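Work through the exercises below with the sequence and the model at hand. Each task is followed by a solution in steps.

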Amino acid sequence: MSRQRPMEMIENAEYVTIGELVRLTGVRYSTLKFYTEEGMLKFEQAEENLTRRYRRSETLERIHVIKKLKEDGLSIPQIKKEIESI
C-alpha cells in the first residue's frame with residue numbers, strides 16, 4: 001500500500017498521479033481514466049513503475065474545460081473536438 005502525499009505537496013507539485021487528480025478535482029477515478037483513455041488528458045509515463053504522471057496545472061485547466069463543456073450539453077466527441085485546439 002502506498003502512502004499518500006500531503007495535499008499541500010500535491011497542490012505545489014509539477015506532476016500528479018490520477019489518484020491525486022481525484023483528490024484535487026473531486027472527479028471520479030473512473031471518469032479521469034476514461035478521459036485519459038480517450039486522449040482528452042495528456043500524461044507522461046514514468047519508466048521505473050509505469051505510473052502515469054499528469055502536469056498538474058495543465059491537467060487541472062483541461063478538466064475544468066471538460067466539465068464546463070459537459071455542463072453546456074456537449075457530447076464526448078464534441079468535447080474532444082473542442083479541446084484538440086487547447
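**Exercise 1.** Decide whether Thr59 counts as buried or exposed in this predicted model.

Solution. Step 1: the relative accessibility of Thr59 is 3%. Step 2: the cut-off for buried is under 20%. Step 3: Thr59 therefore counts as buried. Step 4: Thr59 is placed in helix α4. Step 5: leaving aside residues up to four places away in sequence, Thr59 touches Leu21, Leu41, Lys42 and Tyr54.

**Exercise 2.** Find the buried residues of helix α2 and state how they are arranged around its axis.

Solution. Step 1: helix α2 spans residues 18-25, and its buried residues are Ile18, Glu20 and Leu21. Step 2: viewed down the axis of α2, these buried residues fall within an arc of 150°, so they line one face of the helix. Step 3: the elements that cover them include α1 (7-12), β1 (15-16), α3 (29-37), β3 (52-55) and α4. Step 4: just after α2, Gly26 has a positive phi of about 80°.

**Exercise 3.** Describe how α2 packs on α3.

Solution. Step 1: two packed helices are described by the angle between their axes and the distance between the axes. Step 2: for α2 and α3 the angle is about 120° and the axes are 9 Å apart. Step 3: α2 and α3 are therefore oblique to each other. Step 4: the crossing of α2 past α3 is right-handed. Step 5: α2 contributes Ile18, Leu21, Val22 and Thr25 to the contact, and α3 contributes Tyr29, Leu32 and Lys33. Step 6: by class, the residues of this contact are 5 nonpolar, 1 polar and 1 charged.

**Exercise 4.** Carry out the corresponding description for α4 and α5.

Solution. Step 1: the axes of α4 (residues 56-71) and α5 (residues 76-83) come within 10 Å and cross at roughly 135°. Step 2: angles over 145 degrees would count as roughly antiparallel; α4 and α5 are therefore oblique to each other. Step 3: their crossing is right-handed. Step 4: Arg62, Val65, Ile66, Leu69 and Lys70 of α4 meet Ile79, Glu82 and Ile83 of α5. Step 5: the residues of the contact of α4 with α5 comprise 5 nonpolar, no polar and 3 charged.

**Exercise 5.** Which class of accessibility does Gln4 have, buried or exposed?

Solution. Step 1: Gln4 lies in the segment before α1. Step 2: its relative accessibility is 63%, so Gln4 counts as exposed. Step 3: Gln4 and Glu20 are 16 residues apart in sequence, with a C-alpha to C-alpha separation of 8.4 Å.

Definitions and conventions:
Residues numbered from 1 in each chain as written. Predicted model: local features only at pLDDT ≥ 70, side-chain atom pairs only at ≥ 80, totals over all residues. Heavy atoms only, no water. Axes fitted to C-alpha atoms, helices over the stretch in contact; angles between N-to-C directions. Helix = DSSP H or I, 4+ residues; strand = E, 2+ residues; numbered from the N terminus. Parallel < 35°, antiparallel > 145°, perpendicular 65-115°, else oblique. Left-handed = near helix turned anticlockwise from the far one by under 90°. Contact = heavy atoms within 4.5 Å. Nonpolar A, V, L, I, M, F, W, Y, C, P; charged D, E, K, R; others polar. Buried < 20%, exposed > 50% of the residue type's maximum accessible area, 1.4 Å probe, protein only. Arc of directions from axis to C-beta.
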